[in-house]
Amino acid sequence: MRILFVHQNFPGQYAHLLKHYSCDPANEIVFLTRRANAPFAGIRKIVYRLGREASPKTHFYVRSIEQAVLHGQAVARAALRLKKEGFVPDVILGHNAWGETLYLKDIFPEAPLLAYFEYYYRGSGADIGFDPEFPETLDVRLRVRTLNAVNLMGLEAADRGQTATGWQHSTYPARYRDTISVAHEGIDTGRVKPDPEAKLVLPDGRALTREDEILTYVARNLEPYRGFHVFMRALPEIQRRRPKAHAVIVGGDEVSYGASPRDGRTWRQTLLAEVGGKLDLSRVHFTGRVPYGTFVNALQVSSAHVYLTYPFVLSWSMLDAMAAGCAVVASSTAPVKEVIRDGENGLLVDFFDAKAIAGKVESVLGELKRHEALRALARLTIEERFDLQRNCLPRQIALVESTLHKADKGARREVKVAPGINTKIP
C-alpha cells in the first residue's frame with residue numbers, strides 16, 4: 001500500500017501509525033513536512049518549503065488563511081512532483097489546521113483523504129472569552145469566525161475526519177460530525193508507567209526521587225491557555241503550606257496559543273516578576289523543554305501533578321501523568337471532565353481559584369497514602385480508554401482501513417488534465 005502523510009511538524013499525531021505501517025516492507029510511505037526533526041526508518045521524508053510567508057499587510061482576520069493557502073500550495077507542489085515520479089497514494093493522512101490538506105484532492109482525486117481535525121473555534125462558550133483577565137473583544141470574535149474558513153474548506157476537501165476526544169468532536173458543527181471519528185493517538189502505557197526507582201536529574205545536576213516531595217507542572221509552553229498564570233499564583237501558598245516541596249516546571253517560553261505579554265517579556269518572566277518575591281526559588285525548578293524520557297521521569301517522581309487548561313484541546317501530558325500514576329489536580333473544564341472524575345481518578349478544581357489549587361495540592365502532599373487508590377484509578381483509566389496497543393492504535397488502523405474500503409466501494413473516477421493546461425503552481 002502507498003500512504004502519503006502530511007504534517008508540518010514531523011511526525012505530529014502520526015508517530016504510532018507510522019511505526020505500524022513502516023514495519024511492513026510492502027508499504028511505500030512518504031511524509032511531507034516543514035520540519036525534518038528526528039529520523040524515521042522505512043519512510044521517505046520530504047521537506048516542503050513555502051514560497052513566502054503571509055504578508056504583514058494582510059488584514060489580520062485573514063492573515064492565517066493566507067498562511068494556510070501558502071501551506072496548501074507548497075504541499076500541492078510537492079505532491080505534484082511525487083505524482084510525476086509515479087507515486088500515487090492509496091490513502092492520504094494529513095492535519096488540516098495549517099491548510100496542508102486543502103489541495104491534495106486536486107492532485108490525487110482518486111486517493112481517499114483522512115484529515116485530522118483538532119479544534120473548531122467558537123466566538124463564545126469555549127476558550128474565547130473564558131478568562132476574564134484577557135477579555136474578548138468583538139474584533140476577536142469576528143476574527144475567530146473567519147479563522148474557521150480553513151476548517152470548513154478542509155472539511156469539504158476530506159473524505160473522512162479524525163479528532164482526538166469527544167469534546168473536541170463536539171466543537172464541530174453538527175452537520176459535519178458524522179464524517180469525523182473520535183480516535184485518540186494513544187498513550188504507550190508500557191513506557192509511561194509508575195516506577196518507584198525513577199530519578200529526575202535537574203539542570204543544576206541535583207537528582208530528585210520518590211523520596212522527595214515533588215510538585216510537577218507541564219505544558220509545551222508556559223502560558224495562560226494552560227493556566228500557567230494561575231499555577232504560579234498558587235505556588236507561594238503551596239510553598240508556605242509545604243516547606244519541603246519542590247516544584248518542577250516543564251515547558252518552553254514561546255506561545256503556542258493566545259498572545260504574548262504586551263511588554264515583550266515571556267509569561268515566565270511576567271509571572272516571576274509578579275510572584276517571584278514571595279517564592280523560595282531554590283525550590284522552584286524550570287527545566288525548559290526536555291527529552292521525552294526526562295519528561296516521563298518527572299512524572300514518575302511526582303508527588304502531585306497540576307494540569308490546568310482553558311476549554312481547549314486536551315494535552316497529551318495530562319494523560320501521560322495519569323498513566324505514570326500521578327495524583328492529578330486539574331481544572332474543572334470540559335476537556336478535563338471527559339477523563340477525570342473528581343475524587344476517583346483525580347481531583348478537580350476551579351481553573352481560576354489559586355487558593356483552592358493550593359489546598360488540593362496540600363491535601364495530596366500531606367496524605368500520600370490516602371491518595372494511592374486515586375493514583376491507581378488514574379492509571380487504570382488510561383489503560384482502559386487510551387492504551388496505545390489495546391485501544392487507540394487498533395481504532396486508528398480501523399479508521400484508515402474503513403476510509404480505504406469506502407473509497408473502493410465508491411465509483412472512482414480518473415481526472416485528466418486537458419491538453420494545454422499549465423499544471424505549474426505559482
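Buried here means under 20% relative accessible area, and exposed means over 50%, with partly exposed in between. Keep those cut-offs in mind for this tour of a predicted model.

**Stop 1: helix α13**

Select Arg379 and Glu383. They form a salt bridge, with the closest N and O atoms 3.1 Å apart. Both sit in helix α13 (residues 372–385), four residues apart, so about one helical turn separates them. Is Arg379 buried or exposed? Its relative accessibility is 15%, so Arg379 counts as buried. Glu383 is at 22%, so it counts as partly exposed.

Now select Glu237, Arg240, Arg241 and Glu362. Salt bridges with shared partners join these four into one network.

**Stop 2: salt bridges across the chain**

How many salt bridges does a search of the whole structure find? The total is 21. Take Glu53 and Arg34 from that set. Their closest N and O atoms are 3.4 Å apart. This pair links distant parts of the chain, 19 residues apart. Glu53 is in the loop between β3 and α2 (63–85), and Arg34 is in the loop between β2 and β3. Glu53 has 45% relative accessibility and counts as partly exposed. Arg34, at 25%, also counts as partly exposed.

Move to Arg233 and Glu274. This salt bridge has its closest N and O atoms 2.8 Å apart. Arg233 lies in helix α7 (residues 228–241) and Glu274 in helix α8, so the pair ties together parts 41 residues apart in sequence. Arg233 is partly exposed at 29%. Glu274 is partly exposed at 41%.

**Stop 3: Phe10 and its surroundings**

Switch to aromatic side chains. The model holds 23 aromatic pairs. Select Phe10 and Phe40. Why is this pair edge-to-face? Their ring centres are 6.0 Å apart and the planes meet at 90°, and planes over 60 degrees apart count as edge-to-face. Phe10 lies in the loop between β1 (2–6) and α1 (15–22). Phe40 lies in the loop between β2 (28–33) and β3 (44–47). The pair therefore ties together parts that are 30 residues apart in sequence. Phe10 is buried, at 4% relative accessibility. Phe40 is partly exposed, at 25%.

The charged end of Lys45 sits over the Phe10 ring, 3.9 Å from its centre. Next, show the backbone from Phe10 to Pro11. That peptide bond is cis, with omega near -10°. Pro11 is in the loop between β1 and α1.

**Stop 4: an aromatic cluster**

Select Tyr257 and Phe312. Their ring centres are 4.7 Å apart and their planes are at 70°, so this pair is edge-to-face. Tyr257 is in the loop between β11 (246–252) and α8 (267–275). Phe312 is in the loop between β13 (304–307) and α10 (316–323). The pair therefore ties together parts 55 residues apart in sequence. Tyr257 is partly exposed at 21%, whereas Phe312 is buried at 3%.

For another charge over a ring, pick Arg268. It lies over the face of Phe286, at 5.4 Å from the ring centre.

**Stop 5: Glu185**

Select Glu185, in the loop between β7 (180–182) and β8 (199–201). Glu185 is buried yet has no salt bridge. Which side chain of opposite charge is nearest? It is Arg220, 9.8 Å away. The Glu185 side chain does make a polar contact with the side chain of Tyr116, at 2.4 Å. Show the residues it touches, among them Gln13, His16, Gln162, Trp316 and Cys392.

**Stop 6**

Ser317 lies in helix α10. At 11% relative accessibility, it counts as buried. Beyond residues up to four places away in sequence, Ser317 touches Val218, Phe295 and Tyr307.

Finish at Gly288, in strand β12 (residues 284–288). Gly288 is partly exposed, with a relative accessible area of 25%. Leaving out residues up to four places away in sequence, Gly288 touches Ile249, Val250 and Gly251. Then draw a distance to Leu308, 20 residues apart along the chain from Gly288: the C-alpha atoms are separated by 18 Å.

Conventions. Residues numbered from 1 in each chain as written. Predicted model: local features only at pLDDT ≥ 70, side-chain atom pairs only at ≥ 80, totals over all residues. Heavy atoms only, no water. Phe/Tyr/Trp six-rings, centres within 6.5 Å; stacked < 30°, edge-to-face > 60°. Helix = DSSP H or I, 4+ residues; strand = E, 2+ residues; numbered from the N terminus. Buried < 20%, exposed > 50% of the residue type's maximum accessible area, 1.4 Å probe, protein only. Lys NZ or Arg CZ within 6 Å of the ring centre and 35° of its normal. Lys, Arg positive; Asp, Glu negative; His and termini not counted. Polar contact = N/O pair within 3.5 Å; in protein donor to acceptor, adjacent residues only side chain to side chain. Contact = heavy atoms within 4.5 Å.
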